[in-house]
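Biologist: I want to see what stands behind the labels on this model. Shall we take them one by one?

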Amino acid sequence: MAASLQVNLNGGLVVTSVDRKGPAAAAGIQPGMVITAIDGQMPSDVAWAARQLKARAKDSSVKLDLVVQTRTGRSIQLRTATATLKAR
């Protein structure tokens with residue numbers, strides 16, 4: 001998936017969809033972003049990430065490190081970002 005988005009990374013999870021009413025959308029996460037860490041830990045796979053997020057207490061915060069792809073004409077730039085989610 002990362003290759004199809006022209007993202008060259010050594011790990012991470014590509015966000016493919018976001019629930020418009022969920023905490024990810026509220027934190028500004030969008031499809032195409034790549035999650036490179038969850039609370040400072042690199043995700044090994046989707047199942048690991050799901051367990052980490054599900055284990056959070058309601059209203060607790062989760063810090064995600066992201067790589068964001070920005071297109072301007074034909075050029076693609078990558079930048080890092082962080083987002084904080086509120087568990088529900």
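Modeller: Start with Lys-63, which counts as partly exposed at 40% relative accessibility.

Biologist: Why is Lys-63 called partly exposed?

Modeller: Buried means under 20% relative accessible area, exposed over 50%, partly exposed in between (1.4 Å probe, protein chains only). Lys-63 has 40%, so the label is partly exposed. This is a predicted model: local features need pLDDT of at least 70, side-chain atom pairs count only at pLDDT 80 or more, and totals for chains, interfaces and linings use all residues. Residues are numbered from 1 along each chain as its sequence is written, and side-chain values use heavy atoms, with hydrogens and water left out.

Biologist: What makes Lys-63 and Asp-65 a salt bridge?

Modeller: A salt bridge needs a side-chain nitrogen of Lys or Arg within 4 Å of a carboxyl oxygen of Asp or Glu. Here N to O is 3.5 Å, so the pair qualifies. Side chains of opposite charge can pair when their charged atoms come close.

Biologist: How many salt bridges does a search of the whole structure find?

Modeller: It finds 2. Arg-56 also forms one, with Asp-39. Their closest N and O atoms are 2.8 Å apart. This pair links distant parts of the chain, 17 residues apart.

Biologist: Are Arg-56 and Asp-39 buried, partly exposed or exposed?

Modeller: Arg-56 has a relative accessible area of 25%, so Arg-56 is partly exposed. Asp-39, at 37%, is partly exposed too.

Terms used. Helix = DSSP H or I, 4+ residues; strand = E, 2+ residues; numbered from the N terminus.
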